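Have the model open while you read.

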Amino acid sequence: MMKEYEHKDSLYGRDLITTEDWSLDEIMRTLELAEDMQKNRFSPKYTELLKDRSFFMFFHNPSVRTRQSFECAATELGGHAQYLEPGGMRLKTKKTAGETIEDTAKVMSRYAAGIGIRILEDKIASYGEGDNMLREYAKWADVPIISMAHDKYHPCQGLADIMGLRKHIGENLKGKKLLLYWGHGALARSWCSVQEALLLYSRLGMSITVAHPEGYDLDPEVIKTTKLHCKEQGQKFEIIHDTVKGFEDANVVYARNWMSPNAYHDGEFHKEEEIVKALKYTDWICDEDKMKHTDDGLFIHPMPVDRGHEVTDEVASGKRSIIYDVAENRLHVQKAIMALTMSEKYR
Amino acid sequence: MMKEYEHKDSLYGRDLITTEDWSLDEIMRTLELAEDMQKNRFSPKYTELLKDRSFFMFFHNPSVRTRQSFECAATELGGHAQYLEPGGMRLKTKKTAGETIEDTAKVMSRYAAGIGIRILEDKIASYGEGDNMLREYAKWADVPIISMAHDKYHPCQGLADIMGLRKHIGENLKGKKLLLYWGHGALARSWCSVQEALLLYSRLGMSITVAHPEGYDLDPEVIKTTKLHCKEQGQKFEIIHDTVKGFEDANVVYARNWMSPNAYHDGEFHKEEEIVKALKYTDWICDEDKMKHTDDGLFIHPMPVDRGHEVTDEVASGKRSIIYDVAENRLHVQKAIMALTMSEKYR
Amino acid sequence: MMKEYEHKDSLYGRDLITTEDWSLDEIMRTLELAEDMQKNRFSPKYTELLKDRSFFMFFHNPSVRTRQSFECAATELGGHAQYLEPGGMRLKTKKTAGETIEDTAKVMSRYAAGIGIRILEDKIASYGEGDNMLREYAKWADVPIISMAHDKYHPCQGLADIMGLRKHIGENLKGKKLLLYWGHGALARSWCSVQEALLLYSRLGMSITVAHPEGYDLDPEVIKTTKLHCKEQGQKFEIIHDTVKGFEDANVVYARNWMSPNAYHDGEFHKEEEIVKALKYTDWICDEDKMKHTDDGLFIHPMPVDRGHEVTDEVASGKRSIIYDVAENRLHVQKAIMALTMSEKYR
């Protein structure tokens, strides 16, 4: 998307495909606005920002939280979010006639103030296709393209996490230790939330321990960038394959299942294979015993939680769990993103 | 749902799963507000009550009237209703991993001003499961849970009926006779509307005659409570199996098909069996000949009407039919319920 | 629909099933309002016209542009459009029990300010059934019925086209030459857009050349009326079967695939047959070579464009293509139609 009116003090017109594409200053501005929007949720200073404007939510994958929170966000800014599914669209693919992304994006730009897109691994044939698709939309659209979670990144989740950590730990996250812990489970989850977390938490100065069984490596490019952020911040980065060790002195434990890099083969996503494989690692669960090793660590998770697999009920519903706060933050950060990128008031 | 701010003069924060859970005073307050909302439909005194707020409509079963009227209700109060289907949700069941009602309800409470749920017999394995589910949501949610029709009850329909009767008969329904008449039909209908009618009409002092073929008994618990209401009000209650006799002197005829208690067996709902069985009772239809026995009785029905089975066209479109008025009332009573339970103005 | 309040200076309460049902004066009034609405898109003079009102969009067929543009239109007028699918409705058919159009339309009229309906060829058993259905709704509804494209007509597309031509050619279209050109393609398209174009362009004084392969005749009744309009306006009307000749001196080229009259047989719509047949006519494509014969002609198309079949990329994305402007106009004309027929301000 080329927008002549872009200038460095404004986010108006900007896409958000990953927080990596935004400067640290832009990220902080968004978080601070989100925090004020939480304090003054229905204040008139915010309820007219997208008045009478439409936001298009384009769900290749269904969703609970993301749909509810984006639709509420548009409503609370005075606008309206349209829930669109690709079943209703005639997009061109390699196999079928239909509309090009160029045409779709250009026309949508005439109607909407912004476009959100969600596309996860089971709707694509190989890792990275979803990210390419969002960037193709961004190329042609005259309005902002916002990721509502795609195969690689989930910027809104990353920002909601950080807003939660700022509330419970404080504004200075430097030197705090994150344990990103692979939990076994029956849902073969996307890499998008955990990868966004690695990139953003490390950028904000946290030290990072990733713990997972052999064979569950994440995107090497994301790992490389995360390491770089840690190095720049003078923090430790490590990947371990131990079920317990990483909990030592952790300030934040993020326990989540994710699929293996072998999930895609023969041009398809093999969900059932992944589930069978993942369910065998029954020791990989975040429980109270392991949490005792932490520095009174917070439990964080992007939800939905697969209780009994990823984490025990005791931890997920425990007093150090901030999962509901983080889920609520999705609303506030998305309002802030929409306001800053789409409202003429912030132009 | 435990809400510390509840006090007896306000309905703010209250669930509505059946009118039985509300006091007679609370019911009358709701009806009176609904009547004023009808008179002043787009008055500024009502169009800001849920301004910028979201109401979640959770449809396990699709719906026409209920969806249209709830979504209009939210719009007319200045808010927005989200249409949510469980296909888009990953709820935990006995067989599949997913999210618990605890987690779902707690997060929804962060986003929405209230939650409506519809779940009918074909989505559950035994009678009462839908009611249990609503009560489980109500236990965890911090915002009101409103039944949009479930296996046992349909409070919004009951209130819409009464609003129609008040208009066409007058405010004092005491001693008026209701004939609740089973009509044959091809739709194997839920017990929810007719059970709510029995409970609410009897509570307001009407005498009750239920007429149905042998084998079409309703929930014994509902019948017992209805009898109790009739006794308290000094009114007659009877169940008969005659196709004509109940019309005698009736002030209101409510002709509607419903399924038999045998609809659930072997852990499933058997719709086709019910339809085959019900279609044999061709004498069980409300027609003009039978209506002549009434005391110039009104015809009432929650719609959609299965014309030619439950009732003839002549009666359904006749001058004593109030079906369109009652359908319209769904909008007004739902606006009143949403305003009283969710708007801070009524706190 | 009989509405006692109708008078000849107001469109309030009127249906729009085809522009043929409206006078030329009514059409011009709509276009002029749409043009002002484009200039003053979010002006307060327009953003309250349907405040708190609901518009029902009833999609028997899914849609991109139509759904997005109608839903935006309602939002921008201060109201809300409900997206309704017939899968959620229990309508009576010859084979199944359900609700009559009489009942459906009468109840919807109690809730909504207007009703849009889309029904295309694959949802009906013979040509004309969709049009009959809209007229049946119009008979019973107390609020306006608006075609959102049906088997015969697409009035909103026709008006959006004309708004585009007025911008790029000028207000006086008299004597300008339209080439309506059949393009080969893989989508077996409806007659609705091209038929509405023939009727409306000819009525506004354009000369008409229709070019298509033998066997792709359109509705004879529409052709007859179009001829009559051309005669009244003193303009030429011709149908040719040549792939090039019609481009000569054309001011506007409308290249679009459409199905043959044989698409319906044995009580069904045969889409795959139509596609196989149509894809053989590879010479029938609008390309730059052919466009050179025009009088610097505009390229127009209702979208989605089947690039590489109906038209080349070079023409569709070329400087004489007005497809995005026309797509945008859908929003403005629909806002004007909704305002004039549904807003009390225009009563």
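Predicted model: local features only at pLDDT ≥ 70, side-chain atom pairs only at ≥ 80, totals over all residues.

Residues are numbered from 1 along each chain as its sequence is written, and chains are lettered from A and ligands numbered from 1 in the order in which they are written.

**The sheet in chain B**

Helices (H or I, at least four residues) and strands (E, at least two) are DSSP runs, numbered from the N terminus. Chain B has an open sheet of four parallel strands, ordered β2-β1-β3-β4; two strands pair if DSSP finds at least two bridges between them. β2 (80-84) and β4 of chain B are at the edges with a single partner strand each, so one side of each has no neighbour in the sheet. From one strand to the next, the twist averages 20 degrees (axes are lines fitted to C-alpha atoms, for helices over the stretch in contact, and angles run from 0 to 180 degrees between N-to-C directions). α2(B) packs on this sheet, touching β1, β2, β3 and β4 of chain B, and its direction makes about 150 degrees with that of β2(B). Contact here puts two C-beta atoms, placed from the backbone, within 7 Å.

Which strand is joined to β1 (residues 54-59) of chain B by five bridges? That's β3(B), running parallel to β1(B), and F56(B) sits opposite I115(B) in β3(B).

**Two helices**

The expected span of a helix is 1.5 Å times one less than its number of residues. Here is how two helices do:

| Helix | Residues | Expected span | C-alpha end to end |
|---|---|---|---|
| α1(C) | 24-39 | 22 Å | 23 Å |

A residue is buried if 20 or more other C-beta atoms lie within 10 Å of its own, exposed if 12 or fewer, and partly exposed in between, with C-beta atoms placed from the backbone. In α4(B), the buried set is G130(B), M133(B), L134(B), Y137(B) and A138(B). They cover an arc of only 140 degrees around the axis, which puts them on the same side of α4(B); the arc is that of the directions from the helix axis to the C-beta atoms. Those residues pack against α3 (101-111), β3 (114-119) and β4 (145-150) of chain B.

In α1(C), T30(C), L31(C), L33(C), A34(C) and M37(C) are buried. They fall within an arc of 165 degrees seen down the axis, so they line one face of α1(C). L24(C), D25(C) and K39(C) are exposed on the other side. The cover over the buried residues of α1(C) includes α5 (155-168) and α11 (323-342) of chain C.

I337(B) is in helix α11 of chain B. Is I337(B) buried or exposed? Buried, because it has 26 C-beta neighbours inside 10 Å. Beyond neighbours within four places in sequence, I337(B) contacts L16(B), T30(B), I146(B) and C156(B).

**Between chains**

The contact between chains B and C takes 27 residues from chain B and 19 residues from chain C. On the chain B side, α2 (65-76) and α11 (323-342) each supply at least two residues, and α2(B) has the largest share, eight residues.
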